[in-house]
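Here is a short note to read alongside the model, written for someone opening it for the first time. Please follow the points in order with the structure in view.

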Amino acid sequence: MASNTVLVTGAAGFIGFHVSQRLLSEGCGVVGVDSVNHYYDPKLKEARLALLKGDRKFSFEKLDLADREAMEALFARHRFTKVIHLAAQAGVRYSIQDPHAYVDANMQGFVNVLEGCRHNGCEHLVYASSSSVYGANTKLPFSTADAVDHPISLYAASKRANELMAHAYSHLYRLPTTGLRFFTVYGPWGRPDMAMFIFARCIMAGKPIQLFNHGKMRRDFTYVDDVSQGIVRLIDRPPQGRLNASNNADLDPARSSAPWKIYNIGNNNPEDLTHVVSLLEKELGRRAVTEMLPMQPGDVEATYADVRDLEQDIGFRPATPIDQGIARFVKWYRDYYRI
């Protein structure tokens, strides 16, 4: 397999689809892997895949990342030099209902990816973390130098575990790894379980939108094209680490001696959920019915990304204004569902 062929796990997913499209548009070959599970409507995943399969540089393998033998065979067959690992069991709320799904996909699956990279000459692993790792932190904006030792959901704990597991492999085997803490990604082809999608669906159906914490919530909404651009820029920038740093350096995420790095990928501009609802009302041409509820377990009041490291290292920061992003999302939503 050519060295410019990239493995993208979760290629049928929201972010994986957009990243695959961007890589293909830049002339890279992509091997996409996905289990196409039923966490949300698999027809949406199949529709994404159908678009990707229209490019001859794309090939697809349906497999479960928790399947150790299948993953070993995949890596041995292709010997990827670049891996973008976006597959995961997503969702804070669902992790309370089905914790085992998170252990299988986010823990066992990630170990299999790390082992595949370790044994087959991978030069850089970029993987998805999440802003949920900041847990109950109250200092805003969230910085990658902040302590993240108090996750408040199993999903968040699994993503923090991924960061630590990646560090161990970077330290032991000098495997360059870059973790990306995504902040509320939205846009065309989005996930139906996320707020933007749920709000649009409820508004069009005339059903109540549930606003938790009585609507007093702020999110750093990040447009998916900004996310995919950041990922593709980073894949060719593996962290170098420092071979002779003191042992204490490994305790600070910003100063690890291993070839390991963490970045926030956020818009650096949190929005009130009530403002997001009003923008959706404008684009959809309908008024929302709202239902104010108390805070639910595992949720946080605000997210806000410090992206100075990202801007300093690759000269890029997400910047799509929320009104433009929502207009593009609603256009796709209307087209896809023929509304």
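1. Arginine 68 and glutamate 72 are about one helical turn apart, because 4 residues separate them in helix H3 (residues 68-78). Helices here are DSSP runs of H or I with at least four residues, strands are runs of E with at least two, and both are numbered from the N terminus. The two side chains form a salt bridge, with 3.3 Å between the closest N and O atoms; the term means a side-chain nitrogen of Lys or Arg within 4 Å of a carboxyl oxygen of Asp or Glu. Arginine 68 is exposed at 55% relative accessible area, while glutamate 72 is partly exposed at 46%. Buried means under 20%, exposed over 50%, and partly exposed in between (1.4 Å probe, protein chains only).

2. A word on the source: this is a predicted model, in which local features need pLDDT of at least 70, side-chain atom pairs count only at pLDDT 80 or more, and totals for chains, interfaces and linings use all residues. Residues are numbered from 1 along each chain as its sequence is written, and side-chain values use heavy atoms, leaving out hydrogens and water.

3. The predictor's confidence in each residue, pLDDT, runs from 0 to 100. Its mean over the chain is 92, and 95% of the residues reach 70 or more. Over residues 245-251, however, the pLDDT is below 50, and this stretch has 10 contacts in the model beyond near neighbours in sequence. A contact means heavy atoms within 4.5 Å.

4. How many salt bridges are there? The count comes to 15. One of them joins aspartate 236 and lysine 82, at 2.5 Å from N to O. Aspartate 236 sits in the loop between helix H8 (224-235) and strand S11 (260-265) and lysine 82 in strand S4, so the pair ties together parts 154 residues apart in sequence.

5. Helix H11 (residues 322-337) holds lysine 331 and aspartate 335, 4 residues apart. Their side chains meet in a salt bridge of 3.1 Å, N to O. Lysine 331 is exposed at 55%, and aspartate 335 is partly exposed at 49%.

6. Is threonine 303 buried or exposed? Threonine 303 is buried, with a relative accessible area of 5%. Its place is in the loop between strand S13 (289-292) and helix H10 (308-314). Not counting residues up to four places away in sequence, threonine 303 touches several residues, including Ser131, Phe142 and Pro270.
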